[in-house]
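Reader: I have the sequence and the coordinates open, and I would like to go through them with you. Could we settle one term before we start?

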Amino acid sequence: MDHTESCLFCRIARGEIPSYKVYEDNLAIAFLDISPASRGHTLVLPKEHCRDFTSCPKDLLDHCFEVAQTIAQAQIAQLGATGVNVLTNVGPSAGQSVFHFHIHVIPSYREKVLDLTTKPLAIADKEMLLLQDEIKKAI
Ligand code: 5GP
Ligand code: ZN
């Protein structure tokens, strides 16, 4: 079996698994992280499978970072984020758990400085839908 058939993020990109999608074009997709570090935590990834930042073709990498910039701008404009963490994990020792390259775009808020070592937030479906709508408005 082709490994992209079972890859979680390939499956989300193909629409086989639902997500709170905030952006999509022919090359990339962005959706809310299911275990967010903060309200509006978004993942940006190429639709084409590649394992991580180090193996992503440069044109796709550039495009994904452009999308990540748009998402960060939307988080600031629409969610009231006062800052944003942009990061990508490479390999298990760096905390990568899904081996399809993705960029975390994590809004931060003045009242609560982001701590990536804390447990993810539990955000109800209704609020995830609201966050999705707010980010989409500014794209
Ligand atoms: P990594 O640890 O590989 O840098 O990031 C993987 C991210 O994917 C984690 O933050 C995790 O919460 C998120 N994630 C894992 N499974 C799913 C899923 O089924 N849907 C969504 N939207 N995010 C997921
Ligand atoms: Zn994949």
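Author: Let us settle contact, which here means heavy atoms within 4.5 Å. Please also keep in mind that this is a predicted model.

Reader: Fine. With that meaning of contact, which residues is M128 in contact with, leaving aside its neighbours within four places in sequence?

Author: M128 is in contact with Y20, L32, D33 and I123 once those sequence neighbours are left aside. The residue lies in helix α4, and at a relative accessible area of 4% M128 is buried.

Reader: Let me turn to the metal. What are the protein donors of the zinc ion, ligand 2?

Author: The donors are the SG atoms of C7 and C10 together with the ND1 atoms of H49 and H100, and they lie 2.0 to 2.3 Å from the zinc ion. Along the sequence these donor residues follow the spacing C-x2-C-x38-H-x50-H.

Reader: What geometry does the site have, and with what angles?

Author: The site of the zinc ion is tetrahedral, with angles of 107 to 116° among its four donor atoms. C10 lies in helix α2, residues 8-13, whereas H100 lies in the loop between β4 and β5, so this pair ties together parts that are 90 residues apart in sequence.

Reader: Are C10 and H100 buried or exposed?

Author: C10 counts as buried because its relative accessibility is 3%, and H100 is buried as well, with a relative accessible area of 0%.

Reader: Now ligand 1: which residues around it come nearest?

Author: There are 16 residues around ligand 1, and D33, N89, G95, S97 and H104 come nearest. A polar side-chain atom of D33 lies 2.5 Å from an oxygen atom of the ligand, and an N or O atom in the side chain of N89 is 2.8 Å from an oxygen atom of ligand 1.

Reader: What about the nitrogen side, where does a nitrogen atom of ligand 1 find a polar backbone atom?

Author: A polar backbone atom of I34 is 3.3 Å from a nitrogen atom of ligand 1.

Reader: H104 was on your list of nearest residues. Which side chain makes a polar contact with the side chain of H104?

Author: That is the side chain of H41, at 2.9 Å. H41 lies in the loop between β2 and β3 and is buried, with a relative accessible area of 5%. Not counting residues up to four places away in sequence, H41 touches several residues, including F31, D33, S35 and H104.

Reader: What else sits in the loop between β2 and β3?

Author: S38 has its place in that loop, and S38 is buried at a relative accessible area of 7%. Its side chain reaches the backbone oxygen of P107 at 2.5 Å. Beyond four places in sequence, S38 touches I106, P107, Y109 and L121.

Reader: Changing topic to the nonpolar core, which members of the largest one touch the most other members?

Author: Of its 26 residues, L32, V44, I71, F101, I103, V105 and I135 touch the most other members. Helices α3 and α4 and strands β2 and β5 each supply at least two residues, and the largest share, nine residues, comes from α3. Apart from it lies another core, of 10 residues, among them C10, I29, L43 and V98.

Reader: Why would nonpolar side chains gather like that?

Author: As a general background, nonpolar side chains tend to be buried together in soluble globular proteins.

Reader: Last one: is L61 buried or exposed?

Author: L61, which is found in helix α3, is buried with a relative accessible area of 14%. Apart from residues within four places in sequence, L61 is in contact with F53, C56 and F101.

Definitions and conventions
Residues numbered from 1 in each chain as written. Chains lettered and ligands numbered in written order. Predicted model: local features only at pLDDT ≥ 70, side-chain atom pairs only at ≥ 80, totals over all residues. Heavy atoms only, no water. Core = buried A, V, L, I, M, F, W, Y, C linked by side-chain atoms within 4.5 Å. Buried < 20%, exposed > 50% of the residue type's maximum accessible area, 1.4 Å probe, protein only. Helix = DSSP H or I, 4+ residues; strand = E, 2+ residues; numbered from the N terminus. Donors = N, O, S within 2.8 Å, 3.2 Å for Na, K, Ca; no water. Tetrahedral: all angles 85-135°; square planar, octahedral: opposite > 155°, others 65-115°. Polar contact = N/O pair within 3.5 Å; in protein donor to acceptor, adjacent residues only side chain to side chain. Near = heavy atom within 4 Å.
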